[in-house]
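Please look through the structure shown here.

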Amino acid sequence: MTTGREQSELMKSLAASKIVAIIRGIPEDKGDATAEALAEGGVVFLEVTLNTDGALGMISRFRERYEGRMRIGAGTVLDLGQAKEAAAAGAEYIISPNLDLEVVRFGVEQGIEVWPGTMTPTEIVAAYKAGASAVKVFPLGSLGVGYLKEIRAPLNHIPMVATGGVNLQNIRSVLDAGAVAVGLGGNLVDKKLVADGDFKALAKLARAYADEVAKA
């Protein structure tokens, strides 16, 4: 993949593993078991959204516990203040649903990769020019795989993480359309499995996604 700039070690790892599991809104006391199940299932990239209770504590714990095994980031980072909190907690990367150029610039200054939420070609190019190493194309569930394929044609030098509406049935078509990786929320981090404490089933589900990606 030609990106027009040198790929970081983190981006190479993302391109190899292709999945970002998103922990959002799960009970704080089940966070550790959830992370462990995802790790067992072969997930490498784990994003904890800041609108989850205890998110900053989880990021700190997971960074320490899974060093060398998982890459831990912060999600739903909406502004500079939240970006600073995420960095202080040890986030290796910052993901947003929106494009805030202050957050991108902060990431560049601190050596933390920022993957902002973008939808239009204008937003995608602006994010990349500001220093984002990848962009999150969101909401893909509404935009559709065809949209991703169309914008990849002129913008294939910009790595895109497709997020929203990705599941076991369409993950390979999303990757085939040119996404460097996919963001997976509830379709992977199943809240019912977490609530039931069925972490064995969660690990099995994660493994199914990892196996599907390996075929792509």
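This is a predicted model: local features need pLDDT of at least 70, side-chain atom pairs count only at pLDDT 80 or more; totals for chains, interfaces and linings use all residues.

**Helices H2 and H3**

- Helix H2 covers residues 31-40 and helix H3 covers residues 55-65; their axes come within 11 Å and cross at roughly 40°.
- An angle under 35 degrees would count as roughly parallel, and H2 and H3 are therefore oblique to each other.
- The crossing of this pair, H2 and H3, is right-handed.
- On the H2 side the contact is made by Gly31, Asp32 and Ala35, and on the H3 side by Met58, Arg61, Phe62 and Arg65.
- Sorted by class, the residues of the H2 and H3 contact are three nonpolar, one polar and three charged.

**Helices H4 and H5**

- Helix H4 spans residues 80-89.
- The axes of H4 and helix H5 (residues 101-110) come within 9 Å and cross at roughly 30°.
- That angle makes H4 roughly parallel to H5.
- H4 and H5 cross in the right-handed sense.
- From H4, the residues in the contact are Leu80, Ala83, Lys84 and Ala87; from H5, they are Glu102, Val103 and Phe106.
- The contact of H4 with H5 has five nonpolar and two charged residues, and no polar ones.

- Strand S3 runs over residues 71-75, and five of its five residues are buried.
- Arg71, Gly73 and Gly75 point one way from S3, while Ile72 and Ala74 point the other way.
- Strand S2 (residues 45-49) pairs with S3 in the parallel sense, over five bridges.
- One of the residues involved is Phe45, whose bridge partner in S3 is Arg71.

- Strand S7 (residues 135-137) runs parallel to S8 and is joined to it by three bridges.
- Lys136 has Val161 in S8 as its bridge partner.
- S8 is also joined by three bridges to strand S9 (residues 181-184), and these two strands run parallel.
- Thr163 has Gly183 in S9 as its bridge partner.

**Backbone features in loops**

- Phe138 and Pro139 are joined by a cis peptide bond, with omega about 0°.
- Pro139 sits in the loop between S7 and helix H7 (140-143).
- Lys18 is not a glycine, yet it has a positive phi of about 70°.
- The loop that holds Lys18 lies between helix H1 (9-17) and strand S1 (19-23).
- Is Lys18 buried or partly exposed? Its relative accessibility is 22%, so Lys18 counts as partly exposed; buried would mean under 20%.
- Thr76 also has a positive phi, of about 50°, although it is not a glycine.
- Thr76 belongs to the loop between S3 and H4.
- With a relative accessible area of 14%, Thr76 is buried.

**Contacts between residues apart in sequence**

- Ile151 is part of helix H8 (residues 145-152).
- Ile151 has a relative accessible area of 6% and is buried.
- Which residues does Ile151 touch, not counting residues up to four places away in sequence? They are Pro121, Ile124, Val137 and Met160.
- Ile151 and Pro121 are 30 residues apart along the chain, and their C-alpha atoms are separated by 6.9 Å.
- Lys191 lies in helix H10 (residues 191-196).
- The relative accessible area of Lys191 is 49%, so Lys191 is partly exposed; exposed would mean over 50%.
- Lys191 is 168 residues from Ile23 in sequence, while the two are 9.4 Å apart in space, C-alpha to C-alpha.
- Lys191 is in contact with Arg24, Gly25 and Ile26, leaving aside its neighbours within four places in sequence.

Conventions:
Residues are numbered from 1 along each chain as its sequence is written. Side-chain values use heavy atoms; hydrogens and water are left out. Axes are lines fitted to C-alpha atoms, for helices over the stretch in contact, and angles run from 0 to 180 degrees between N-to-C directions. Helices (H or I, at least four residues) and strands (E, at least two) are DSSP runs, numbered from the N terminus. Angles under 35 degrees count as roughly parallel, over 145 as roughly antiparallel, 65 to 115 as roughly perpendicular and the rest as oblique. A crossing is left-handed if the near helix is turned anticlockwise from the far one by less than a right angle, and right-handed if clockwise. Contact means heavy atoms within 4.5 Å. Ala, Val, Leu, Ile, Met, Phe, Trp, Tyr, Cys and Pro count as nonpolar, Asp, Glu, Lys and Arg as charged, and the others, Gly among them, as polar. Two strands pair if DSSP finds at least two bridges between them. Buried means under 20% relative accessible area, exposed over 50%, partly exposed in between (1.4 Å probe, protein chains only).
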